[in-house]
Amino acid sequence: MSHRAVLEALSGLLLAMFVAILSSTVVSTALPRIIGDLGGSQSAYTWVVTSTLLALTVTTPIWGKLSDLFDRKLLVQTGLVLYVGGSILAGLSQSTSFLIACRVVQGIGVGGLTALVQVILSDLVSPRERGRYAGYLGAVFGVGTVAGPLIGGVVTDGLGWRWCFYIGVPFAVAAFALLQKTLHLPRRRREAKIDYAGATLIAGGVSSLLIWVSLAGQQFDWVSWQSAVLVVLGVVLCVGAVLSMRRSPEPLIPLRLFANRSVVLAVIASIAVGIAIFGTTVFLSQYMQIARGKSPTESGLLTIPMVIGLFLASTFIGRLVSRTGRYKRFLVLGAVLLTAGLGLMGTLDETTSLVELGVFMLLVGAGVGMLMQNLVLVVQNTVRYEDIGAGSSLVAFFRSLGGAIGVSVLGALLATHASSTITSGLAAQGLHTTAGADQVPDVRSLPAPVAHVIEHAYGTGVGEIFLFAAPLGLVALAAVALLREVPLGGKSGIDIARERASEPTHHQEGATP
């Protein structure tokens, strides 16, 4: 395919990717306002994000496996339809419980978009050229990341937070139409037995463990009978999923992937990337609005340095990977920048210079930009052609899993720190409040002495959770340093499919020639 033909085919995918990013970023700056209006707690604040990540996480491998069996174009369009339905319902929410349920529907749709965009890209271009086009995906990710908070802030201040959920619907409809017009893939449907038992077991197991991580320390103690039930249930279901996948002729996640060293190391690094992406997006908005008293619009504008780092790193490094065929050096550099950025953000409090914070965010964004797309490329370049969908979704699955666990754990740490600091700070000043210490406060409506205590609590609390996350950057660094660099292949998925169609006896072992 010519460069122009690939770009035309990618147009709908890029817009679908924009929709996927918009689903979380457009809401991030509005969350303090949303939770305040609906009377939610810090736990509800975290769950509005976690519910989407939970649904996205548990469905990503399902979407990925389906993409190896059925029409990928139809699947990505189905994801868009689910996203639209969940968004419209979310905008009508009258309680945090209903909003969280609607965000689950959104997450299922976004799970399809997250898994399938990278898989379809592997159909269109070879691994050697994929870095260049992955750069376009990274650029769209950057635009969505910066446009989302800005759009969300402006819409929240001007029209109200409910329109944050409606604003993505026109983009999703446009993406659906573009995909129908521009994306033409070989028909992909073969008789296969889908591992429904494995899908159900892994969804239940992961959900149980994520629910435990989200609620422990808030609704019940970490060491309690509730924790024991959720952990044991999660472990049993996950073990059952593994046993089911070992017996299934078409397992949801082919276990042979875990025998591939590059896949395992890419998965480990992706977990750290997921925590960095979702953690910074969610908690920086809370920091800006509560600890610094910024509006949703200002909060979005102040995240621009991180997006600039991500945008420049993903596009520039993507082109370098395609030009040189080398990727490991950029993965290592990305992990170093990510670790440094998270460590520096661990120094935050309510008095930190916004210029310094901008530099810290720039480092985190550049690190994520170098790691995220290239980790998917590593997997696609080493797995068999039949496993590209499952392999790509596996990386996305663990990235989302890392994000979901990260947001839950970091949110619990922030809630605990904020609650204890606010209680002790008010007591030290002889002040008393009837509001729950775990409620997300509206600082603008509070007296100055109380507002100062809350700003300090959230300022130091957000810094503490980033310091807690910084060692994960070192884990990513160790993982990418151990990767063996495999030469990038020169054939796209369509090329391989055509070869197989014309030579029935030819069996290619992987996506690389």
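Is Phe 18 buried or exposed? Phe 18 is buried, with a relative accessible area of 10%; here buried means under 20%, exposed over 50% and partly exposed in between, for a 1.4 Å probe and protein chains only.

The model is predicted, so local features are described only at pLDDT of at least 70 and side-chain atom pairs only at pLDDT 80 or more, while totals for chains, interfaces and linings use all residues. Residues are numbered from 1 along each chain as its sequence is written, and side-chain values use heavy atoms, without hydrogens or water.

The protein has 18 helices and zero strands, where helices (H or I, at least four residues) and strands (E, at least two) are DSSP runs numbered from the N terminus. Of its 513 residues, 60% are buried. Its accessible surface is about 19400 Å², and carbon and sulfur atoms contribute 66% of that area, as computed by the Shrake-Rupley method with a 1.4 Å probe. Among contacts with a separation of 6 or more, 84% join residues 24 or more positions apart; a contact means heavy atoms within 4.5 Å.

Rings of Phe, Tyr and Trp (its six-membered ring) pair if their centres lie within 6.5 Å, with planes under 30 degrees apart counted as stacked, over 60 as edge-to-face and the rest as tilted. By this rule there are three aromatic pairs. In one of them, the ring centres of Phe 18 and Phe 171 are 5.1 Å apart and the planes meet at 65°, so the pair is edge-to-face. Because Phe 18 lies in helix H1 (residues 3-28) and Phe 171 in helix H8 (residues 169-182), this pair ties together parts 153 residues apart in sequence. Phe 171 has a relative accessibility of 29% and therefore counts as partly exposed. Trp 163 and Tyr 166 form another edge-to-face pair, at 5.3 Å centre to centre and 85° between the planes. Both residues belong to helix H7 (residues 163-166), three residues apart, or about one turn of the helix. An α-helix has 3.6 residues a turn, so residues three or four places apart point the same way. Trp 163, at 44% relative accessibility, is partly exposed.

Helix H5 (residues 96-124) has 29 residues, which should span 42 Å at 1.5 Å a residue; its end C-alpha atoms lie 41 Å apart, in agreement. The expected span is 1.5 Å times one less than the number of residues. H5 has a kink of about 30° centred on Leu 116, the bend being the angle between axes fitted to the seven residues ending at a residue and the seven starting there. Of the 29 residues of H5, 23 are buried.

Two further buried residues show local packing. Ser 227, in helix H10 (residues 225-247), has a relative accessible area of 2%. Beyond four places in sequence, its contacts include Trp 212, Phe 220 and Trp 222. Phe 283, in helix H11 (residues 261-291), has a relative accessible area of 1%. Phe 283 touches Val 407, Leu 410, Gly 411, Leu 414, Val 462 and Ile 465, neighbours up to four places away in sequence being left out. Phe 283 and Val 407 are 124 residues apart in sequence, yet 8.5 Å apart from C-alpha to C-alpha.

The mean pLDDT, the predictor's confidence in each residue from 0 to 100, is 78, and 84% of residues reach 70 or more. Among the elements, helix H14 (residues 328-345) has the highest mean (91) and helix H18 (residues 493-502) the lowest (58). Over residues 505-513 the pLDDT is below 50. Where pLDDT is low, the predicted coordinates should not be read in detail.
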